[in-house]
Amino acid sequence: MLELLSIMVFIYLAGNNSLVTINATLYTPALLMNITLPVQPLSPVTVVNSTGQSIPYYISNNEVYLSMVNPGNVTIIYTPYINVLNNGTLQIRISTDYETQVYMASNVLPTTIPSNIQGFQETSNGIVLALAPGNYVINFITTGPVITTKTTTTQHAMKTNMAQSALYSSLGYIIVIIAIVLILSVLLIMRHRK
């Protein structure tokens, strides 16, 4: 959508501490921009600028909409939804419009890896998969008793997430409506002065 935007996506698979981080750099102001989330969020999404201040946003169908009145950096952080299959294997579905780095900690053992990955790198405490834009499914297991904890945590987090996402969703609607009203008011005032 914006050529003025540079986006880096990192997905950290580390059992219960899995995380998605998106770093976006905006080079010129944008009244309204959208960033596609590569994985469905399980928890509320945090959007902050380079100074750590929260930025108002709205989420619809894995798209984060926000306004940037000044150029700068935006960081989006959230816990991804990880499906637990009947056999106990964990599954993450990635649908990305951007180049994506997937870090798998040493306690994460992939059972399937997409055949069309761009790169594979071993680190001292895990592996990193480089993915081109596209759709991917990665199945994995974790070593130790993390799988049963993951199921319990997921169910608990999903219950609390429903209440929290309703609050964030309502707040998002209000912010978008206020922004639209302000824009229309400014345009009407400018038109009236001509």
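User: Two strands pair if DSSP finds at least two bridges between them; how many bridges join strand S1 to strand S10?

Analyst: This is a predicted model, in which local features need pLDDT of at least 70, side-chain atom pairs count only at pLDDT 80 or more, and totals for chains, interfaces and linings use all residues. Residues are numbered from 1 along each chain as its sequence is written, and side-chain values use heavy atoms, with hydrogens and water left out. Strands are DSSP runs of E with at least two residues and helices are runs of H or I with at least four, numbered from the N terminus. Strand S1 (residues 5–13) and strand S10 (residues 100–105) run parallel, with Ile 11 standing opposite Val 102 in S10, and the number of bridges that join the two strands is 5.

User: In which loop is the place of Asn 125?

Analyst: S12 pairs with strand S13 (residues 126–131) in the antiparallel sense over 5 bridges, and Thr 123 has Gly 126 of S13 as its bridge partner. The two strands form a hairpin with 2 residues between them. Asn 125 therefore lies, with a relative accessible area of 42% that makes it partly exposed (buried means under 20%, exposed over 50% and partly exposed in between, for a 1.4 Å probe and protein chains only), in the loop between S12 and S13.

User: Which residues does Asn 125 touch, not counting residues up to four places away in sequence?

Analyst: Contact means heavy atoms within 4.5 Å. The C-alpha atoms of Asn 125 and Tyr 103, 22 residues apart along the chain, are separated by 9.7 Å. The residues that Asn 125 touches are Tyr 103, Met 104, Ala 105 and Ser 106.

User: What share of the contacts in the protein chain with a separation of 6 or more is accounted for by residues 24 or more positions apart?

Analyst: Of the 194 residues in the protein chain, 36% are buried. Among contacts with a separation of 6 or more, the share from residues 24 or more positions apart is 68%.

User: Is the aromatic pair of Phe 10 and Tyr 12 stacked or edge-to-face?

Analyst: Rings of Phe, Tyr and Trp (its six-membered ring) pair if their centres lie within 6.5 Å, and planes under 30 degrees apart count as stacked, over 60 as edge-to-face and the rest as tilted. The whole structure holds 3 aromatic pairs. Phe 10 is partly exposed at 22%, as is Tyr 12 at 33%. Their centres are 6.2 Å apart and the angle between the planes is 20 degrees, which makes the pair stacked.

User: What is the arrangement of the rings of Tyr 58 and Tyr 65?

Analyst: Tyr 58 is buried, with a relative accessible area of 14%, whereas Tyr 65 is partly exposed at 28%. The ring centres lie 6.2 Å apart with the planes at 35 degrees, so the pair is tilted.

User: Which residues do ring pairs link into a cluster?

Analyst: Tyr 103 is one of the residues that Asn 125 touches. The cluster linked by ring pairs consists of Phe 10, Tyr 12 and Tyr 103.

Methods. Two strands pair if DSSP finds at least two bridges between them.
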